[in-house]
Amino acid sequence: MSNITKKVSWSSRGDELGAAGEGTPLLNGSEQPRHSRQVQLSLDYDNIENQLFLEEERRMSFTGFRCLEISRWLICGLIGLLTGLIACVIDIVVEKLAGYKYEAIKQNIERFTEVGGLSISLILWAVLNFSFVMVGSILVAFFEPVAAGSGIPQIKCYLNGVKVPRVVRLKTLVVKVCGVICSVVGGLAVGKEGPMIHSGAVVAAGVSQGRSTTLKKDLMIFEYFRRDTEKRDFVSAGAAAGVSAAFGAPVGGVLFSLEEGASFWNQMLTWRIFFASMISTFTLNFVLSIYHNNTGDLSNPGLINFGRFESENLNYNLYEIPLFIAMGAIGGVLGALFNVLNYWLTIFRIRYVHRPCLQVMEAMLVAAVTATVSFTMIYFSNDCQPLDSEHAEEYPLQLFCADGEYNSMATTFFNTPERSVRSLFHNQPGTWNPLTLGLFTLTYFFLACWTYGLAVSAGVFIPSLLIGAAWGRLCGIWLASIASIWADPGKYALIGAAAQLGGIVRMTLSLTVILVEATGNVTYGLPIMLVLLTAKIVGDYFQEGLYDIHIKLQSVPFLHWEAPATSHWLTAREVMSSPVTCLNRIEKVGTIVDVLSNTSTNHNGFPVVMQPAKLCGLILRSQLIVLLKHKVFVELAGSRLSRRKLQLKDFRDAYPRFPPIQSIHVSQDERECLMDLTEFMNPTPYTVPQETSLPRVFKLFRALGLRHLVVVDDANRVIGLVTRKDLARYHLGKYGLEELHLAQT
């Protein structure tokens, strides 16, 4: 390994947390409870074509296959329906609770503006904020830490093939929905759109299995889909349905799943995911049309309503393209700054704010500070605008303005972030003065940076759009002051929003389509694409995207699309794990129990060999545990098989929570029995010669979604095993190829 420049660690927390006995930090910097400390396992997206699988396939008729295909479409429809309904619940509850909160504060401010004592209004605002946030944070920190954040990094890892513990459970969904309602109503610098992607993925994982392990309820349907391969495809559909519900962007949802997660893609899967996305948008529109007493009007977009960009003033010309690109570069720099600050803040949280009580206290502190900063900015602002029919503000605050005027700073702070974004996009020129927008951009930038990573369910999409819309509109005002040809600052608010969001999350293809669909105007497709591309290129020069940073901080073995560019000289022999624990085709039960009980290795895949060490198959830990549980033993060496005939259903019933080996009792007499693995092992596992280059190994592993790749010599003898962590630990850094230390898989 002399060509590798140095060894670095992805996580500066090192072994100190583990040595201290603390829980394992999660992707958002929060902590698992001590009683449930787990390592992240890999998912196996390769079908096990053993004898049981082939027998089941032979028994299945053409009608059976057609029924399976119909079931897949039905499940995707259910995923879209339920995801849309969850989005409706979140939207309606947030609208109602936020309305009550802002109305109460508004009346209080108006009463005390005349008689004095506005400090009482500030206290009321702060108390209401941190009360809601406290509830949401307690739910996350004490009941389900994996529900913190937007959930997008976790879903990216899941679709990449990493099993993040508890990420797609029903309990996670309940905490996520309640938590995001509390976070948004609590006035934090967050959005409810990001968590919809996680919610859709959880819905998909539950519906596709036909049962709930949390509720211990099995409906005995969709049993065929109880395996990682099928579950991954449905989770892709759920993530897309979440995007579709959040932004009213079904095509953007499909492209999001393609760009951000799915390692495998085909035409039928694309159609099914698009179907789930369309059903999700339709459900949301239909239910909200009933709620708004306009039944049947399906023209409403998703949770975020950017409004329609249809004004003639919003056309753009060729000479504005360089300006848009320059704004994209600004967005890339600001996004990189946001990510760097959040990176160091997350490191601090992992080291010092890892206990649930501290996490709740930090969230309450941020909520109180947010309310205080907002109130202070509004109090000292003298930006008064006339209140007329063209300025239809939701909660206009007069404060110290003259009669018939309202405080312009309150339009941005004293509102939900979604409404503030819409105001910045569509309000008439002259609605804000430059100082107001500049101060708002500065304060909200740091508030949003501080907020992301708290132990609350919240997304970063809307805060990013709001920050970008504010400085983008500021650019529009500045340009209009130079020459009248740049008349409307609304389009610059849109470009700024795209630049800021692209600079933080670094998505290009899907984000372009999402923004085009959300604005309802394809005219801006080209400038949005150029802006996002520029923001990504500039941002990547300084720092990675926000989601990738949080994945790396957890030391998750995430596989990118390609192997490092300078890694062709590395071979499979140099990157593989060895020596390998192998099992004989007919193995002693005691040996299998000892191998599975060995906590020092904790392997999950075992090559099956015939003497002398020639490969004849591969068997998984989960399969061996099911075989031991059902006592599938040969009673004496050389005797005929006398055991119950196992079927694939037995393995599917145990999926995905296979019992630990410690829970299976094997008597001393049973340890002397033998187990024939021939029928259950995968007889044709993927193998590579030991001289295969790392990029070839990487491409095979990544494209097929493998969990294990056996390395053999010229005589087909097993010499090593390539796992996900063996490939993910090589990284192209500033000093060449670097070897990284990763979490165990």
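Which leucines make the nonpolar surface patch of about 370 Å²?

Before that, a word on the source. This is a predicted model, where local features need pLDDT of at least 70 and side-chain atom pairs count only at pLDDT 80 or more, while totals for chains, interfaces and linings use all residues. Residues are numbered from 1 along each chain as its sequence is written, and side-chain values use heavy atoms, with hydrogens and water left out.

1. The patch. Leu 74, Leu 78, Leu 81, Leu 82 and Leu 85 make it. Patch members have over 30% relative accessible area and no salt bridge; like charges are joined within 9 Å and nonpolar side chains (Val, Leu, Ile, Met, Phe, Trp, Tyr) within 5 Å. A salt bridge here is a side-chain nitrogen of Lys or Arg within 4 Å of a carboxyl oxygen of Asp or Glu. The areas come from the Shrake-Rupley method with a 1.4 Å probe, and for residues only the protein chains shown count as cover. Leu 74 sits in helix α3 (residues 62-115) and is partly exposed at 48% relative accessibility. The scale: buried is under 20% relative accessible area, exposed is over 50%, and partly exposed is in between (1.4 Å probe, protein chains only).

2. Sheet β8-β10-β11. This one is open, with three strands in that order and mixed pairing. β8 (583-584) and β11 (614-620) are the edges, each with a single partner strand, so one side of each has no neighbour in the sheet. For the naming, helices (H or I, at least four residues) and strands (E, at least two) are DSSP runs, numbered from the N terminus; two strands pair if DSSP finds at least two bridges between them. β10 (residues 605-610) and β11 run antiparallel, joined by six bridges, and Val 608 faces Gly 617 of β11.

3. The helix on that sheet. α23 (residues 621-629) lies across β8, β10 and β11, at about 75° to β11. Contact means heavy atoms within 4.5 Å. Axes are lines fitted to C-alpha atoms, for helices over the stretch in contact, and angles run from 0 to 180 degrees between N-to-C directions.

4. Sheet β13-β14-β15. Here too you get an open sheet of three strands with mixed pairing. β13 (687-689) and β15 (718-722) are its edge strands, each pairing on one side only, and the twist averages 30° from one strand to the next. β13 and β14 (residues 709-712) run parallel with three bridges; Thr 687 has Val 710 as its bridge partner in β14. Helix α26 (residues 694-704) packs on the sheet and touches β13, β14 and β15, its direction making about 150° with that of β14.

5. Cis prolines. Look at Ser 578 to Pro 579, a cis peptide bond with omega near -5°; Pro 579 is in the loop between α21 (572-575) and β8. Tyr 655 to Pro 656 is also cis, with omega near 0°, and Pro 656 is in the loop between α24 (648-654) and α25 (668-671).

6. Positive phi. Arg 506 isn't a glycine, yet its phi is near 65°. Arg 506 is in the loop between α17 (490-505) and α18 (509-519) and counts as buried, at 6% relative accessibility.

7. Trp 569 and Ser 693 are 124 residues apart in sequence but 6.6 Å apart in space, C-alpha to C-alpha. Trp 569 is partly exposed, at 32%.
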